[in-house]
Amino acid sequence: MNRVSTLLLTVPMLALTACGGSSGDGIASAGGGKASASASARASVDPDQAQLRYARCMRENGVAMPDDPRDLPKGGLAIPDKAMKACEEFQKALGGTRIDMNDPETRDRFTKLAQCMRKHGFDFPDPPNMPPPDFDGGNKPRFDRSLKDCGKFLPSRG
């Protein structure tokens, strides 16, 4: 069976998961709380160029990745593990976060998050489908409050 990961570039959700390092729960996060030479090297990379390189690599590996992440289709993209591995260095240059929705615990956490967001009145799909990066449900302040409340279903960071 070919494993497929879902790339989540959803900014509000990454904010919830990117405050610290990986706790071994299947959800990676940016930073990890430790400074390193590679982290400093990443900071000097032009983000626009890094994004273009990543998108190009994904397309070369069969994924219809747009140059601009705001152009991602609703629900994100399913990315085969082969493409993730081939483009891993470009993802790292972006400081991106990979969330493996094949991991049952991770999938369960994001399912609970989606259910909570629906209780708050947002059309929020279950995993592996996730809203696009700029999703705010048409009401950013209410969405942010709801996401803060529903974030309790994600692992604590920071």
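Axes are lines fitted to C-alpha atoms, for helices over the stretch in contact, and angles run from 0 to 180 degrees between N-to-C directions. On that basis, α6 and α7 pack at an angle of about 140°, and their axes are 9 Å apart. The model is predicted. The protein has 158 residues, of which 38% are buried, and contains 7 helices and 2 strands. Two disulfides are counted in the protein.

**Overall architecture**

- From the N terminus on, the order of elements is β-α-α-α-β-α-α-α-α.
- Buried residues account for 38% of the 158 residues.

**Disulfide of cysteine 57 and cysteine 87**

- Cysteine 57 is joined to cysteine 87 by a disulfide, with an S to S distance of 2.1 Å; the pair meets the cut-off, since a disulfide requires cysteine sulfur atoms within 2.5 Å.
- This pair links distant parts of the chain, 30 residues apart: cysteine 57 belongs to helix α3 (residues 47-60), and cysteine 87 to the loop between α4 (81-86) and α5 (88-94).
- Because the torsion about the S-S bond of cysteine 57 and cysteine 87 is about -95°, the disulfide is left-handed.
- Cysteine 57 and cysteine 87 are both buried.

**Disulfide of cysteine 116 and cysteine 150**

- A disulfide also connects cysteine 116 with cysteine 150, the S to S distance being 2.1 Å.
- Cysteine 116 is in helix α6 (residues 104-119) and cysteine 150 is in helix α7 (residues 140-150), so this pair ties together parts that are 34 residues apart in sequence.
- The link of cysteine 116 and cysteine 150 is left-handed, with -75° about the S-S bond.
- Cysteine 116 counts as buried because its relative accessibility is 8%, under the 20% limit for buried residues.
- Cysteine 150 is likewise buried, with a relative accessible area of 0%.
- With bonded cysteines counted along the chain, the disulfides follow the pattern 1-2, 3-4.

**Helix α3**

- The 14 residues of α3 should span 20 Å at 1.5 Å a residue, and the end C-alpha atoms are 20 Å apart, which agrees.
- Ala50, Gln51, Tyr54, Ala55, Cys57 and Met58 are the buried residues of α3.
- Seen down the axis of α3, these buried residues fall within an arc of 160°, so they line one face of the helix.
- An α-helix has 3.6 residues a turn, so residues three or four places apart point the same way.
- Asp48 and Glu60 are exposed on the other side of α3.
- Glycine 62 follows α3 and has a positive phi, near 85°.

**Packing of α6 and α7**

- Two packed helices are described by the angle between their axes and the distance between the axes.
- For α6 and α7, that angle is about 140° and the axes are 9 Å apart.
- The angle makes α6 oblique to α7, because angles count as roughly antiparallel only over 145 degrees.
- The crossing of α6 and α7 is right-handed.

**Helix α7**

- Phe143, Ser146, Leu147 and Cys150 are buried in α7.
- Viewed down the axis of α7, its buried residues fall within an arc of 100°, so they line one face of the helix.
- The exposed residues Pro141, Arg145 and Lys148 are carried by the face of α7 turned away from its buried side.
- Serine 146, in helix α7, is buried with a relative accessible area of 3%.
- From C-alpha to C-alpha, serine 146 and histidine 120 are 6.3 Å apart in space, while they are 26 residues apart in sequence.

**Loop glycines**

- Glycine 137 is located in the loop between α6 and α7 and counts as partly exposed at 40% relative accessibility.
- A separation of 8.8 Å lies between the C-alpha atoms of glycine 137 and glycine 121, which are 16 residues apart along the chain.
- Glycine 95 occurs in the loop between α5 and α6 and is partly exposed, at 31% relative accessibility.

How values were computed
Residues are numbered from 1 along each chain as its sequence is written. This is a predicted model: local features need pLDDT of at least 70, side-chain atom pairs count only at pLDDT 80 or more; totals for chains, interfaces and linings use all residues. Side-chain values use heavy atoms; hydrogens and water are left out. Helices (H or I, at least four residues) and strands (E, at least two) are DSSP runs, numbered from the N terminus. Buried means under 20% relative accessible area, exposed over 50%, partly exposed in between (1.4 Å probe, protein chains only). The expected span of a helix is 1.5 Å times one less than its number of residues. The arc is that of the directions from the helix axis to the C-beta atoms. Angles under 35 degrees count as roughly parallel, over 145 as roughly antiparallel, 65 to 115 as roughly perpendicular and the rest as oblique. A crossing is left-handed if the near helix is turned anticlockwise from the far one by less than a right angle, and right-handed if clockwise.
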